[in-house]
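Hi everyone, thanks for coming.

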Amino acid sequence: MHLIWPPDHAGRVIEGAELEDLYTYPAGRTWLAVNFVSSADGAVELGGQARPLSTPPDREVLQLGSDLADVLLIGATTAMVEGFHGVHPDRRTRERRRRHGLADVPPTAVVTTGHGLPADAPVITGAQVPTLVLTCEAAPVDVRRAWTAAGAEVIVAGEGSVDLTAAVAALAGRGLRRIDCEGGPHLFGALTEAGLVDELRLTLSPVLAAGPAGRIAASPLATPVDLHLASALAEADTLLLRYLAQR
């Protein structure tokens with residue numbers, strides 16, 4: 001991949017360990033990075049899924065995000081729509097994670113109020129390690145019991161809705177401080193509104209989608225969050241941006 005920002009290093013080809021270093025999470029603190037792919041005209045999906053927008057460079061950096069994380073964070077709707085079934089690392093991923101002192105398989109944490117996440121969801125039944133369900137007191141007790149019976153660990157954070165600040169703190173309390181969020185837009189919007197997003201990893205796919213597709217973040221947030229461009233890469237007509245939230 002060709003580095004085009006920062007300007008003092010522009011023009012260099014970044015690959016291997018150098019690319020890995022670029023996407024390594026800061027040490028010694030909780031860090032939440034959000035990954036999204038968008039069409040060039042701002043669409044977050046094609047035909048109801050983000051996957052058709054993805055390109056090989058996007059998949060490479062998305063892989064780095066999960067390979068170097070302690071935990072993957074995802075909304076229940078996105079997990080169901082995308083058919084997500086947890087992380088199933090290959091040998092390369094296992095070796096990479098071991099080099100960074102990480103467990104072979106990162107757990108997935110799913111955010112849900114109790115609706116839209118059945119106990120037989122692939123993200124629960126297909127995971128190699130127990131899925132963490134981040135929910136709230138309003139989730140029916142029988143639904144919570146069904147998640148537990150299916151092998152998930154249920155974490156209650158909040159009353160009528162999921163308190164994301166408490167949920168992220170609960171993950172950090174379990175040593176899961178490097179958090180890779182993979183959507184969807186409502187979760188991203190809520191995390192932004194709560195001031196929990198440290199980094200946005202945004203891929204601009206070389207596609208004009210038009211149509212009714214939404215944006216990468218959906219929330220009633222009224223106060224914009226300033227971003228600092230940390231790096232920009234280009235490969236195969238794809239632009240890969242890393243922004244840091246300014247607080």
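In which helix does R97 lie? R97 lies in helix α4. Before going on, a word on what you're looking at: this is a predicted model, where local features need pLDDT of at least 70 and side-chain atom pairs count only at pLDDT 80 or more, while totals for chains, interfaces and linings use all residues. Residues are numbered from 1 along each chain as its sequence is written, and side-chain values use heavy atoms, with hydrogens and water left out.

Helices here are DSSP runs of H or I with at least four residues, strands are runs of E with at least two, and both are numbered from the N terminus.

Let's stay with α4, which covers residues 91-99. Its buried residues are T93, R96 and R97. They share one side of α4, because they cover an arc of only 95° around the axis; that arc is taken from the directions from the helix axis to the C-beta atoms. Buried means under 20% relative accessible area, exposed means over 50%, and partly exposed is in between, using a 1.4 Å probe and protein chains only. On the face turned away from the buried side, you'll find the exposed residues R91, R98 and R99.

R97 has a relative accessible area of 1%, so it is buried. Contact means heavy atoms within 4.5 Å. Not counting residues up to four places away in sequence, R97 touches S66, D67, L68, A69, L102, A103, D104, V105 and P106. R97 and D67 are 30 residues apart in sequence, and their C-alpha atoms are 6.2 Å apart in space. As for R96, its relative accessibility is 8%, so R96 counts as buried too. With the residues up to four places away left out, R96 touches E20, Q63, L64, D67 and L68.

What do the buried residues of α4 pack against? They pack against α1 (16-22) and α2 (56-67).

Let's zoom in on α2. Two packed helices are described by the angle between their axes and the distance between the axes. For α2 and α4, the angle is about 50° and the axes are 10 Å apart. The axes are lines fitted to C-alpha atoms, for helices over the stretch in contact, and angles run from 0 to 180 degrees between N-to-C directions. That angle makes α2 oblique to α4, since under 35 degrees counts as roughly parallel, over 145 as roughly antiparallel, 65 to 115 as roughly perpendicular and the rest as oblique. At this meeting place, Q63, L64, S66 and D67 in α2 meet T93, R96 and R97 in α4.

Next, the two ends of α4. At the start, a side-chain oxygen of D90 reaches to within 3.3 Å of the backbone nitrogen of R92. Just after α4, G101 takes a positive phi of about 70°.

One last stop, elsewhere in the chain. Where is D198? D198 is in the loop between α8 (185-193) and β8 (199-205). With 7% relative accessibility, D198 counts as buried. Its side chain and that of R29 are joined by a polar contact of 3.0 Å. A polar contact is a pair of N or O atoms within 3.5 Å; within protein, one must be able to donate a hydrogen and the other to accept it, and residues adjacent in sequence count only if both atoms are side-chain atoms.
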